[in-house]
Amino acid sequence: MTGFDENALFLEPRFQYDDAIIGCLNGSGVVVYDAHLVIHITMSVHELDHADAIEYFYFNIAGSCGENYPEYIWVELNEKQKGNENGK
């Protein structure tokens, strides 16, 4: 992927969270992640259920902010993805 600022911060481990990258914020080079995918990946990485992964996301991931920190957007889920989040 291109367009990221050399000082842009990425979620770790990158080999897992890079799948949730949507692109970069225009003009700043900051990484933009799909929040739903970050939560789904967090469930796997930290062996959490959906509710705990959401809490972890808000407190430990989205709650971290500052210069060069990633941004998160909520992409609308399709029916299959909604089923996966509800444990189906």
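These are my notebook entries on what I looked up in this predicted model.

**Ground rules.** I number residues from 1 along each chain as its sequence is written, and I leave hydrogens and water out, using heavy atoms for side-chain values. Because the model is predicted, I ask for pLDDT of at least 70 for local features and count side-chain atom pairs only at pLDDT 80 or more, while totals for chains, interfaces and linings use all residues.

**Entry 1: overall layout.** I took helices (H or I, at least four residues) and strands (E, at least two) as DSSP runs, numbered from the N terminus. The protein has 4 helices and 3 strands. Along the sequence I read the pattern α-β-β-α-α-β-α.

I then looked up burial, where buried means under 20% relative accessible area, exposed means over 50%, and partly exposed is in between (1.4 Å probe, protein chains only). Of the 88 residues in the protein, 33% are buried. The accessible areas come from the Shrake-Rupley method with a 1.4 Å probe, and for residues only the protein chains shown count as cover. The protein exposes about 5,800 Å², and carbon and sulfur atoms supply 49% of that area.

For contacts I used heavy atoms within 4.5 Å. Among contacts with a separation of 6 or more, 44% are between residues 24 or more positions apart.

**Entry 2: aromatic rings.** I described each pair of aromatic rings by the distance of the centres and the angle of the planes. Rings of Phe, Tyr and Trp (its six-membered ring) pair if their centres lie within 6.5 Å; planes under 30 degrees apart are stacked, over 60 edge-to-face, and the rest tilted. My search of the whole structure gave 6 aromatic pairs.

Why is the pair of Phe-4 and Phe-10 edge-to-face? The ring centres of Phe-4 and Phe-10 are 5.3 Å apart and the planes stand at 75°, so the pair takes that label. Both Phe-4 and Phe-10 are buried.

Phe-57 and Tyr-72 make another edge-to-face pair, with 5.3 Å from centre to centre and 85° between the planes. This pair links distant parts of the chain, since Phe-57 sits in helix 3 (residues 50–61) and Tyr-72 in strand 3, 15 residues apart. Phe-57 counts as buried because its relative accessibility is 1%. Tyr-72 also counts as buried, at 16% relative accessibility. I found Phe-57 and Tyr-72 in one aromatic cluster with Tyr-33, Tyr-58 and Trp-74.

**Entry 3: Arg-14.** Which ring lies under Arg-14? Arg-14 lies over the face of Phe-10, 3.8 Å from the ring centre. The rule I used puts NZ of Lys or CZ of Arg within 6 Å of the ring centre and within 35 degrees of the ring normal.

I also checked salt bridges (a side-chain nitrogen of Lys or Arg within 4 Å of a carboxyl oxygen of Asp or Glu). The count is 1 salt bridge. Arg-14 and Asp-18 meet in a salt bridge through their side chains, at 3.2 Å from N to O. Arg-14 is partly exposed because its relative accessibility is 34%. Asp-18 is partly exposed as well, with a relative accessible area of 25%.

**Entry 4: backbone.** Most residues other than glycine have a negative phi, and most peptide bonds are trans. I noted the departures below.

- The peptide bond from Glu-12 to Pro-13 is cis, with omega near 5°; Pro-13 lies in the segment before helix 1 (14–17).
- Glu-47 has a positive phi, near 55°, and is in the loop between helix 2 (35–46) and helix 3. Its relative accessible area is 74%, so Glu-47 is exposed.
- Asn-68, not a glycine either, has a positive phi of about 70° and is in the loop between helix 3 and strand 3.

**Entry 5: Leu-25.** Leu-25 lies in the loop between strand 1 (21–24) and strand 2 (31–34). Leu-25 counts as partly exposed because its relative accessibility is 37%. Leaving out residues up to four places away in sequence, Leu-25 touches Val-30, Val-32 and Glu-71.

**Entry 6: surface patch.** Patches are made of residues with over 30% relative accessible area and no salt bridge, like charges being joined within 9 Å and nonpolar side chains (Val, Leu, Ile, Met, Phe, Trp, Tyr) within 5 Å. Ile-22, Ile-73 and Val-75 make a nonpolar surface patch of about 220 Å². Val-75 is in the loop between strand 3 (71–73) and helix 4 (79–85). With a relative accessible area of 33%, Val-75 is partly exposed.
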